Amino acid sequence: MTLPFFPVDLFDGDREALLDIVERVGTAPEQKFILGECTAAFEAAIRDSIGAADAIACGSGTSALMLVLRAMDVGAGDEVIVPAFGCAPLAAAPALVGATPVFADVDPWTMVADPEAVTRLITPRTKVLMPAHMFSVMADMPAFRRVADGAGVRLLEDSAVAQGGVLAGTPAGRWGDAGVYSFVQVKTFGMPGEGGMVVTDDRELGSTVRMLRNHGQDGTTRFRHHRIGYNSRFDEIMAAFQLHRFPTLPGRLERRAWIGEYYTGRFRELAGCGVLAPPSASDGRCYYVYSLLCERRDELHEFLAARGIGSHVYYRNPLPRQPAFAPYARPGQTWPAAELAARRSLAIPIYPHLTDQQVERIADAVCEFAKES
Ligand SMILES: *Cc1c(COP(=O)(O)O)cnc(C)c1O
């Protein structure tokens with residue numbers, strides 16, 4: 001594969017800096033490897049960049065979701081409405097805190113949770129709505145905000161893939177009572193390790209998350225446990241590396257957006273040929289992954305592979321069709337748009353260090369497939 005879907009050189013340009021940081025943190029007199037000054041500075045940088053009241057670094061995006069659900073007192077008997085199409089943590093996080101994930105169908109074009117489908121599933125047991133931004137499109141957060149407020153339930157925004165995205169002037173992560181980011185390798189602000197962040201304007205929620213991430217301690221009295229918490233702490237080396245990379249993030253996001261918009265422009269004419277690009281818009285876009293909907297998805301995957309271009313199918317099954325989550329599915333419920341997305345979506349490379357020629361080559365290949373076959 002000359003253009004792999006998952007590139008192995010994401011951090012090559014920052015290798016020296018990483019080695020310096022390992023040396024600096026590793027030999028510092030205080031020997032503090034988790035939740036130290038670098039983590040605090042990283043939290044402050046993220047918090048201030050989006051104007052949130054608090055930002056709490058933790059072990060992963062998945063545990064960020066769990067920490068927020070626990071801080072919202074979600075547990076046995078509660079329902080959390082999640083998209084039927086998406087990654088495992090959407091269903092696993094509510095289940096792991098003892099609640100029931102309820103699966104809502106998605107928009108057939110953008111593949112994000114559909115506010116009307118979510119509204120229909122609200123019951124007296126519903127405690128949280130948990131929409132997620134998907135691939136390159138943010139969920140309809142103004143609608144979810146209205147629905148959550150109207151129903152008197154909380155809104156947890158899974159913005160794990162949308163860091164840097166803005167919808168109607170509000171950054172991804174700040175539409176919900178809390179939002180989350182993930183820094184796993186492949187995400188837009190990925191790093192060579194595991195980590196996540198909770199962002200919130202609710203200070204009380206923030207301080208509860210802060211306690212829960214470190215065994216329920218309050219940060220002042222060690223070994224005094226106010227809550228049953230988790231070990232979901234943040235690594236100082238990773239925090240220093242993220243601080244080092246933060247100033248260059250906007251440039252990478254801009255490049256992703258340029259590539260995404262170029263693709264959408266090139267693919268607009270393919271809608272009648274069985275290849276559907278995301279809607280063209282600049283508001284509410286995140287360009288983490290660029291996913292197409294293709295009638296002959298597996299053929300396009302093969303066609304691109306034969307030309308040295310990697311592509312990837314993210315979710316081959318809706319969440320309620322996974323063995324682990326099927327027991328939570330409501331009997332008789334169906335998710336036609338999620339089923340279609342699982343059969344048709346195919347992601348093509350969009351990482352920021354693709355050259356213009358490479359981007360053009362990828363677009364040419366997709367157009368050739370759609371028009372010739
Ligand atoms: C990646 C991702 C997560 C989980 O983040 P991790 O850091 O991998 O645990 C949660 N939700 C969505 C939508 C994601 O894409």
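Modeller: One term before we start: buried means under 20% relative accessible area, exposed over 50%, and partly exposed in between, with a 1.4 Å probe and protein chains only. This is a predicted model, where local features need pLDDT of at least 70, side-chain atom pairs count only at pLDDT 80 or more, and totals for chains, interfaces and linings use all residues. Residues are numbered from 1 along each chain as its sequence is written, and side-chain values use heavy atoms, with hydrogens and water left out.

Colleague: Is Lys187 buried or exposed?

Modeller: Lys187 sits in the loop between β8 (178-182) and β9 (196-200); strands here are DSSP runs of E, at least two residues, and helices are runs of H or I, at least four, numbered from the N terminus. UniProt, in an unreviewed entry, puts the feature "active site" at Lys187, though such annotations may be inferred rather than shown by experiment. Its relative accessibility is 15%, so Lys187 counts as buried.

Colleague: How far is an oxygen atom of the ligand from an N or O atom in the side chain of Lys187?

Modeller: Residues around the ligand (a heavy atom within 4 Å) include Ser60, Asp158 and Lys187. A ligand oxygen is 2.6 Å from a side-chain N or O atom of Thr62, and a backbone N or O atom of Gly61 is 2.8 Å from a ligand oxygen. For the side chain of Lys187, the value is 3.0 Å.

Colleague: Which side chain makes a polar contact with the side chain of Asp54?

Modeller: Asp54 belongs to strand β1 (residues 54-58), and at 12% relative accessibility it counts as buried. A polar contact is a pair of N or O atoms within 3.5 Å; within protein, one must be able to donate a hydrogen and the other to accept it, and residues adjacent in sequence count only if both atoms are side-chain atoms. At 2.7 Å, the partner of Asp54 is Arg210.
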